[in-house]
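Colleague: I am new to reading protein models. Could you take me through one?

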Amino acid sequence: MNWIEYSIMINKEVEPVVTALLNELGANGVVIEDSNELQKEHEDVYGEIYELNPADYPEHDIRIKCYFNELVFTEDLEVEIKKTISEIDSIDSQILSFSKNVIKESDWENEWKNYFHPFKASERFSIVPSWEEYDNEDNDLLIELDPGMAFGTGDHPTTSMCLKHIEEVVKPEHSVIDVGTGSGILSIACHLLGVKSIKALDLDDLAIKVAKENFEKNNCETDIIAETGNLLTEETGQYDVIIANILAHIIDLMIADSYERLNEGGYFITSGIIEEKSEEIIDKLEETGYTIEKVLKEDSWVSIRARK
Ligand SMILES: C[S@@+](CC[C@H](N)C(=O)[O-])C[C@H]1O[C@@H](n2cnc3c(N)ncnc32)[C@H](O)[C@@H]1O
């Protein structure tokens, strides 16, 4: 099976909205190529400077590449993507453009390797692609990953903000459910902190397959239950920590269930919320009974830690 790589040139301000829309429209992976990245110095976690290939970045503004299974990417879907994105309020129509490319399944793994290097994602966690050698001088907790077609390499702010909450509050005796696990990165982080009871859920079969492969790489496949599931609708267990890095309107749907499924004093760690929606989510969390413990913001994305 092949993949359609759909590239969209946009102005920087609309990146979170466009990413959210593409996820909603069923993109299986989104890569953000920011022309500003080429101006920065890139250092990996053991101090080596690595070069980015200018050919991988646009000369100006932002290029978003998103990936769809070729069977899903119909003409109607393409029309819908174009229409939805061109109707965004602050989109710059002078910059907006679309292009399409077919990627053979066999080339996919190499595509990722161009983008993915070891890096420190938070105070305690470093992410190491499974094909890279790594010398862990800082004694970080290492998450070994091969993201494949699932979201969650740790370099997206929505994921790294979750890692920051996790390292601050998660304790070995907690029971954790990771809703929308994607690559499994957040469940692996909890395992590295000594958590014994972890359940990882995703709506997408492919994400569960990738998550299971990543659990094996991190030697925790027997300690984490990984299954498909839709939010907390089928859940009957009680948890100390519920994590969900999805999108504001989907998180909204699980606020009441999360409160019910949490033990007293438990944490609801949410992310994937664009700034414009954060007040709405905070209000709803408070109305449900939660106390807002910490709010992190990065690149117009918001991550909220609420406590029961
Ligand atoms: C932004 S990714 C997060 C991946 C990873 N947890 C991270 O933090 O990097 C969101 C994930 O939520 C999953 N998802 C979306 N809607 C869902 C739902 N209703 N129930 C369960 N998972 C869902 C998607 O398939 C995707 O893997």
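Modeller: We will go through the sheet, the helices on it, the core and an annotated site. Keep in mind that this model is predicted.

Colleague: In what order do the seven strands of the open sheet run?

Modeller: Read a sheet from one side to the other. The order here is β10-β9-β8-β11-β12-β14-β13, with mixed pairing. β10 and β13 each have a single partner strand, so one side of each has no neighbour in the sheet. From one strand to the next, the twist averages 15°.

Colleague: In which sense do β9 and β10 pair?

Modeller: They pair in the parallel sense, over five bridges. In one example, Ala 200 has Ala 226 in β10 as its bridge partner.

Colleague: Which strands does α4 touch?

Modeller: Look for contacts, then for the angle. α4 packs on the sheet and touches β11, β12, β13 and β14. Its direction makes about 160° with that of β12. Helix α7 lies across β8, β11 and β12, at about 175° to β12.

Colleague: Which residues touch the most other members of the largest nonpolar core?

Modeller: Val 176, Ala 189, Ile 242, Ile 243 and Ile 251, out of 73 residues. Domain 1 and domain 2 both give residues to this core, so it lies between them.

Colleague: Which residues does the "binding site" annotation cover?

Modeller: The unreviewed UniProt entry lists Thr 159, Gly 180, Asp 202 and Asn 245. Thr 159 sits in helix α4, and Asn 245 in strand β11.

Colleague: Why does Asn 245 count as buried?

Modeller: Count neighbours. Asn 245 is buried because 27 C-beta neighbours lie inside 10 Å.

Technical notes: Residues are numbered from 1 along each chain as its sequence is written. This is a predicted model: local features need pLDDT of at least 70, side-chain atom pairs count only at pLDDT 80 or more; totals for chains, interfaces and linings use all residues. UniProt positions are given in the numbering used here, feature names are shortened, and annotations may be inferred rather than shown by experiment. Helices (H or I, at least four residues) and strands (E, at least two) are DSSP runs, numbered from the N terminus. A residue is buried if 20 or more other C-beta atoms lie within 10 Å of its own, exposed if 12 or fewer, and partly exposed in between; C-beta atoms are placed from the backbone. A nonpolar core is a set of buried Ala, Val, Leu, Ile, Met, Phe, Trp, Tyr and Cys residues joined through C-beta atoms within 7 Å. Domain bounds come from an automatic or database domain assignment. Two strands pair if DSSP finds at least two bridges between them. Axes are lines fitted to C-alpha atoms, for helices over the stretch in contact, and angles run from 0 to 180 degrees between N-to-C directions. Two residues are in contact if their C-beta atoms, placed from the backbone, lie within 7 Å.
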